[in-house]
Amino acid sequence: MPEPMDFATRAIHAGQDADPTTGATIVPIYATSTYTQPAVGEHRGFDYSRTVNPTRVALETQLAALEEARYGSAFASGMAATSATLNLLAAGDHVVVTDDLYGGTYRLFSKVLVRYGLEFTYVDMTDLDAVRAAIRPNTKLFWIETPTNPLLRLVDIAGVAALKTPGQVVAVDNTFASPYFQSPLALGADVVVHSTTKYIGGHSDVVGGVALTNDAAIAESIKFHQNAVGGVPGPFDAFLTMRGAKTLAVRMREHERNAHAVATFLEERDDVARVFYPGLPSHPQHALAQRQMRGFGGMVSFTLRGPESRALEVAKRTKLFSLAESLGGVESLITHPARMTHGSIPKDERERRGVTDGLLRLSVGLESARDLIADLRQALDATRALAGVGANDAGIGDPPNPDRIPATQSEGAPTY
Ligand SMILES: *Cc1c(COP(=O)(O)O)cnc(C)c1O
């Protein structure tokens, strides 16, 4: 077999050996907090389940294989994984952060970690000069999210990695792209963090996180804090996440296909002001997306014409797109970032970053693209009077033929 094996194969086999005691083909849920030792000081590497649990180890091995990382540590949530990564720092250290950031990460940095003496500078990381200008003598970490949430802007991972000097760490929150479409470690990042709650778990039924690296010292520090702080996932959660991750390749291909169809539909409407999707040629960083990613993912954001009340009304009227936070599951979701995911960011700060009141974010699921588009169409048509674009029939008509939904670059021949 070729080494390394292709992504889809790793997703199904890495860490998934038959159980050594029974031969169970599927990794068992080891619901145990402790392990019986034959004699004092003798055990088989398992002593206490905060420190180590076989189901969690299987998950960590699987997810490390997906990022082609040597080391992985699983956590009870994406925030716990982020927090453990920030444990690499000490009081007085400085972090350069992308300003178009997941709301919970902003809250952790600005409300919790500043109290422990860490300093954060938020910059528009799409501008490498701004990143360079933000570096201080005490800068220890660059925190990247790409594509960003909710505006789906891209940060040039290799570009930021080229700015770091020895001793500095580049961390990437790779939740939106998933390891199927983007490999930050190969682009020069030192640590990758995921909220496995999203695409990796993939079924909106479990919360989790993971931190992955090829650097032995970083891995040791994260493992140490995983045990010392204790934000570990239980074996049931590890099992569910592992089961979801096995189908990541097929799911991501289909998420992308549907997202592309939805983004194209939205862009053609005159009552939609702007569509944000890295796979559209109109995306200002489409070229970077093609260079840095193997596909463009399943998230689409758009700004409606009309007042905020229209955005709220559309979010209420969609039926297949459930009005809910989170993303990355098989079911489609719609959110109003300004009032939901980004509600913890002050309004002026939020608007400065482009998270306006007319913005809606879609997590495009795995339903039929034709049905998803019809659902959006009825919500947009019903609120069209609020858009101030006249009553003509733009965007109103027969549903598209699903056979003509555009293929995307990932189709057929993913890089792996
Ligand atoms: C959801 C999310 C997180 C936080 O993960 P939890 O599992 O909810 O703790 C971090 N970053 C991004 C980009 C997310 O979408």
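**Helices and ligand**

Student: Is the crossing of helix 10 and helix 14 left-handed or right-handed?

Tutor: This is a predicted model, in which local features need pLDDT of at least 70, side-chain atom pairs pLDDT 80 or more, and totals for chains, interfaces and linings use all residues. Residues are numbered from 1 along each chain, and side-chain values use heavy atoms, without hydrogens and water. Helices are DSSP runs (H or I, at least four residues), numbered from the N terminus, and a crossing is left-handed if the near helix is turned anticlockwise from the far one by less than a right angle, and right-handed if clockwise. For helix 10 and helix 14 the crossing is right-handed.

Student: Are helix 10 and helix 14 roughly parallel or oblique to each other?

Tutor: The axes, lines fitted to C-alpha atoms over the stretch in contact, form angles from 0 to 180 degrees between N-to-C directions. Helix 10 (residues 248–267) and helix 14 (residues 369–382) have axes that come within 10 Å and cross at roughly 30°. Angles under 35 degrees count as roughly parallel, so helix 10 and helix 14 are roughly parallel.

Student: How much of the ligand does the protein bury?

Tutor: In polar contacts (N or O atoms within 3.5 Å), a ligand nitrogen is 2.6 Å from the side chain of D173, while ligand oxygen atoms are 2.7 Å from the side chains of T197 and K198. Taken alone, the ligand exposes 380 Å², an accessible area found by the Shrake-Rupley method with a 1.4 Å probe. Of that area, the protein buries 92%.

Definitions and conventions
A polar contact is a pair of N or O atoms within 3.5 Å; within protein, one must be able to donate a hydrogen and the other to accept it, and residues adjacent in sequence count only if both atoms are side-chain atoms. Helices (H or I, at least four residues) and strands (E, at least two) are DSSP runs, numbered from the N terminus. Angles under 35 degrees count as roughly parallel, over 145 as roughly antiparallel, 65 to 115 as roughly perpendicular and the rest as oblique.
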